[in-house]
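Hi there,

Here is the structure I promised to pass on. Please have a look at it first, and then read my notes below.

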Amino acid sequence: MSASALNFTYRYPWPSGVVASPQAQTLQLATSSRGDGHPHFFHGRIEQPRSVADMLLALLDVVRTHYFLPRPPQMDPVVTSNDAMLRFEGFSGCCGVYVRVDLDTVGLAAERLGRGTTNVDFNMPMRAALMRLQDHERVEFSVGREAFTLSRGEARVVEKKVRLPLRWIKGFSEVQAYLPRLVLLADVTGAEARRFARSLPLGNVPRQPSFVVQSGASLRLSQRPAAGAVAVSGVQRLRTLPGLVQRAERLRIWSDAVSGASAWEVVFAVGRVTLLVSPEIQRGFSGEGQVLSTLAAATWQKALPKVRAQLRWQNEIDVGEVAQATALTADEVAAALAALGARGLAGYDCSSGRYFHRELPFDLEAVEAMQPRLLDARQLLADDKIELLAGSGGDSHDFAVTGTDVVHHVRLRADRDRCSCPWFSKSQGERGPCKHILAARLFRDGHADPPAPAGTSGRLDR
């Protein structure tokens, strides 16, 4: 798992495309499978073809774009199907923008609706076909393999052999640490969204963060921070908005003032598109390390098996219902869901304020092996390089953690943890905890009755 990418093969029964007939056009998205069977999640009719096309085109635009470093894009998004929603998820090439399309099945006249998660084939001919769809046409929609008897003998598998970046897999885990912390700061009509999107400087953009402020019913862009403003680093990462909002009903903007991440939710009559933008243009979600605290915590470990047993591809997971069914507290269920999100087994919808069940079509059993800081922390614990210092007690604990050439001083506090190492001094905890803080937390949580503090022997790098 130390390599930057995994060899991976997508197997599709046929390339995605649009099949025309005298009665209707059928938008067919081919699903991937590791075996012979290809999951068939949905078949039905699209009520508003042009809006659905706009949403899927926005997703395709994001996943084939790199906003910072030029890296190969992953154009085949993940799709999750359940009783109420079809969800498509993906990342930009640089992993700095996460995009999700939520298609409400109320706007899709379903003849067949399954449950599950897999990849779908998105290609350039599909993009061209989406651009031609119009509302006056009858457009049928199919996600999966059509089981027509006459076509079985002629079925062929389309293989895409790719180097699947670990940053892409880790990104799916990391965004679940950001989404629950977002707060709704702006909500405007579709007309105002279109006016604001046209005003965005998507060419020569300022290097410093810009700030979006809602004033009454309108939005304005400013270069100065203000109360309630949404900070955006790299405004060019919103270049999908002008085309996306043309038929939108509303634009909602979510933000986390602590991290600086923001989410742009474009609402249609038949669904939503969410763009989650990382705190800085040079920071991809895959390298943030926000999930490390969750993975290293002990609060969810006993509850996780019980909570996972309750997952049945729900569109919204009700914490209270799961708590009642498992005899756990609401806090224990919430902690377990956060851990499941960090492991790719649940996504979070900030609009509903709830998790949804999905299982990524990759082997995430070794997800912790993708986290070198957590591995290093566990090694420090195994090598007995952590020492509780005198004066620790209550919510305050001080540790000496022996590094390669120096002993680091870790302070665990109720409001904020700190470490004397250079990595923490540079990031100040904005990109997750360092390995020394993680090791100290593992030590503290592993001792219900901590051993007596030692003296301050050993040199501390303060």
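Let me start with Cys350, which counts as buried because its relative accessibility is 7%; buried means under 20% relative accessible area, exposed over 50%, and partly exposed in between (1.4 Å probe, protein chains only). Cys419 is not part of any disulfide, and the nearest cysteine sulfur, that of Cys421, lies 3.7 Å away. For a disulfide, a pair of cysteine sulfur atoms has to be within 2.5 Å. Cys419 also counts as buried, because its relative accessibility is 7%. The structure as a whole holds zero disulfides.

**What you are looking at**

This is a predicted model, so local features need pLDDT of at least 70 and side-chain atom pairs count only at pLDDT 80 or more, while totals for chains, interfaces and linings use all residues. Residues are numbered from 1 along each chain as its sequence is written, and side-chain values use heavy atoms, with hydrogens and water left out.

**The chain overall**

The protein chain has 13 helices and 25 strands. Both are DSSP runs numbered from the N terminus: helices are H or I with at least four residues, strands are E with at least two. Of the 462 residues in the protein chain, 55% are buried. The chain exposes about 20100 Å², with carbon and sulfur atoms supplying 49% of that area; accessible areas come from the Shrake-Rupley method with a 1.4 Å probe, and for residues only the protein chains shown count as cover. If you take the contacts between residues at least 6 apart in sequence, 70% of them join residues at least 24 apart. Contact here means heavy atoms within 4.5 Å.

**A helix pair**

Two packed helices are described by the angle between their axes and the distance between the axes. How do H1 and H2 cross? The axes of helix H1 (residues 49-63) and helix H2 (residues 124-132) come within 9 Å and cross at roughly 150°. The axes are lines fitted to C-alpha atoms, for helices over the stretch in contact, and the angles run from 0 to 180 degrees between N-to-C directions. H1 passes H2 in a left-handed crossing, a term used if the near helix is turned anticlockwise from the far one by less than a right angle (right-handed if clockwise). On the H1 side, Arg50, Ala53, Leu56, Leu57 and Leu60 meet Arg127, Leu130, Met131 and Arg132 of H2. The residues of this contact divide into six nonpolar, no polar and three charged. Nonpolar covers Ala, Val, Leu, Ile, Met, Phe, Trp, Tyr, Cys and Pro; charged covers Asp, Glu, Lys and Arg; the others, Gly among them, count as polar.

**Strand residues**

Thr26 is found in strand E3 (residues 25-29) and counts as buried because its relative accessibility is 12%. Which residues does Thr26 touch, not counting those up to four places away in sequence? They are Gly17, Val18, Val19, Glu140 and Ser142. Thr26 and Val139 are 113 residues apart along the chain, yet their C-alpha atoms are separated by 5.6 Å.

Ala263 has its place in strand E17 (residues 262-268) and is buried, because its relative accessibility is 0%. Neighbours within four places aside, Ala263 is in contact with Leu182, Arg252, Ile253, Trp254, Thr274, Leu275 and Leu276.

Val407 is in strand E23 (residues 407-412), buried at 15% relative accessibility.

**Loop residues**

Trp313 has a phi near 60°, a positive value in a residue other than glycine. Trp313 sits in the loop between helix H8 (304-308) and helix H9 (319-326) and is partly exposed, with a relative accessible area of 21%. Ala327 likewise has a positive phi, of about 60°, although it is not a glycine. Ala327 is in the loop between H9 and helix H10 (330-342), and is exposed, with a relative accessible area of 69%.

Gly203 lies in the loop between helix H5 (190-199) and strand E13 (210-215), and counts as exposed because its relative accessibility is 59%.
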